[in-house]
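I opened the notebook to look up a few local features in this model.

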Amino acid sequence: MPVTGEWFTPTELSFSAIRARPETEWVHFSLSDGSGIVGQGEITDKQLGTSISPIVARLANRLRGQKLTSDSDVITLNNLTAEQLETYRPLATAVSGLRCAIADALAQVAQLPLVDYLRAIHDHDGKADRKVQLYSNINRALKPTFDGPNDRSPEGFAEMAERAMEAGFTTAKCAPFDECRAPFSNSGLPREAEMGLDRILAAKAVIGPDRTLLVDCHSRFDLESALALEPRLREAGVGWYEEPVNPIENTDDLRKIRDKAEMTIAGAEMGYGVALFKKLMEDDVLDVVMPDVKHCGGPVEAYLIGRELEPRWEGSVSMHCPSGPLSLLASAHATAAFGATIPLEHAVYEADWRHEVLEPFETIEDGFLTLPDGFGLGGRVDPVAIAMRGRAWTE
Ligand SMILES: [Mg+2]
């Protein structure tokens, strides 16, 4: 295998950002060696205004001029501890981005697509699929975009779900409980949940019984209300129940919910590292863990999570990715490498020019993303797209 003894020595760092809609700005950076090898990572954070780039710049200072042979060199060269990465999310996001960029660069040096590099460095036999099945997350498309205002009515949800089904997706996900936020004034099912249930029923009516609707609750419930909601979601034919409470902060409550629930419980999009996801499965907190390439430690760590968990609990790893095209590409490489059995998340219809952000263009057809042929990620954020729609800077 041409992957041992390869190294990458970064000398330059630059950042870019592209605003996809009023509340979403995809933030990226490039780490290059000045002779044509450029590794990239995405560091978009949930909250606009939370800036990860200064942390990336500080961590990258320790990498300049070093012979990097592994994506985890960013952790050792900066003397970071597992506890720091598990407890301080901006640091985990910066490290995940840098690990992505280094893995991208090392795979290019090894002259392998990232999917093959991930398997090669872990002695994983066989060849991975080049097409990765996606599911459509319609949340972002139901918030304000540059094309128009949002429509949060049940009809709006139904229309967006129908658009996704017509495009060839067989699964859609929505987050319909806008009105809910624990604690609630009444016991049992909160009155505020009725509107969310109406949105679910409207979307499910167009999706139909043979295709899947997943529901994300964004940790808006508590133990009692989550238990009251579960049978209603089940009756509505919902495919999974995502984060009624926060799996990392309210682990005990979620374990109780999972114990009583008949539905599949999914979550943990903010977690870092194999150890945490493994513990959530071993402690019966979740049925499906959702590592996000931007927070979990990057594509190598995501691959390791899938490689560790899938043989023990089939269908237990579904990567979280409501992100830009670079993260989706990195997630698709990891997903293909460990051989996920659940489709990968894709936030649809945030911007109709989204595919043009990457060079070559992002290719999604009939609900499948095709990995590009090039080495590393095989795609990079196009400087033309940055010039037309975004901004670039150095730190
Ligand atoms: Mg979620």
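My entries follow, topic by topic.

**Ground rules.** I am working with a predicted model, where local features need pLDDT of at least 70, side-chain atom pairs count only at pLDDT 80 or more, and totals for chains, interfaces and linings use all residues. Residues are numbered from 1 along each chain as its sequence is written, and side-chain values use heavy atoms, with hydrogens and water left out.

I then placed two of them: D216 belongs to strand 6 (residues 212-216), while E269 is in the loop between strand 8 (265-267) and helix 10 (274-282), 53 residues apart. My helices (H or I, at least four residues) and strands (E, at least two) are DSSP runs, numbered from the N terminus. Are these two buried or exposed? D216 has 3% relative accessibility and counts as buried; E269, at 6%, is buried too. The cut-offs are under 20% relative accessible area for buried and over 50% for exposed, with partly exposed in between (1.4 Å probe, protein chains only).

**Ring pairs.** I got a count of 6 aromatic pairs. Rings of Phe, Tyr and Trp (its six-membered ring) pair if their centres lie within 6.5 Å; planes under 30 degrees apart are stacked, over 60 edge-to-face, and the rest tilted. One of the pairs is F15 with F29, tilted, with 6.1 Å between centres and 50 degrees between planes. F15 is in strand 1 (residues 12-21) and F29 in strand 2 (residues 24-32), so this pair ties together parts 14 residues apart in sequence. Both F15 and F29 are buried. I also checked F184 and F221, a tilted pair at 5.8 Å and 35 degrees. F184 sits in the loop between strand 5 (171-174) and helix 7 (193-207), and F221 in the loop between strand 6 and helix 8 (223-235), 37 residues away. F184 is buried at 14% relative accessibility, and F221 is buried at 4%. Ring pairs also join F15, F29 and W393 in a cluster.

**Charges over rings.** The rule asks for NZ of Lys or CZ of Arg within 6 Å of the ring centre and within 35 degrees of the ring normal. I found K67 over the face of W7, 3.8 Å from the ring centre. The charged end of R163 lies over the ring of Y349, at 3.7 Å from its centre.
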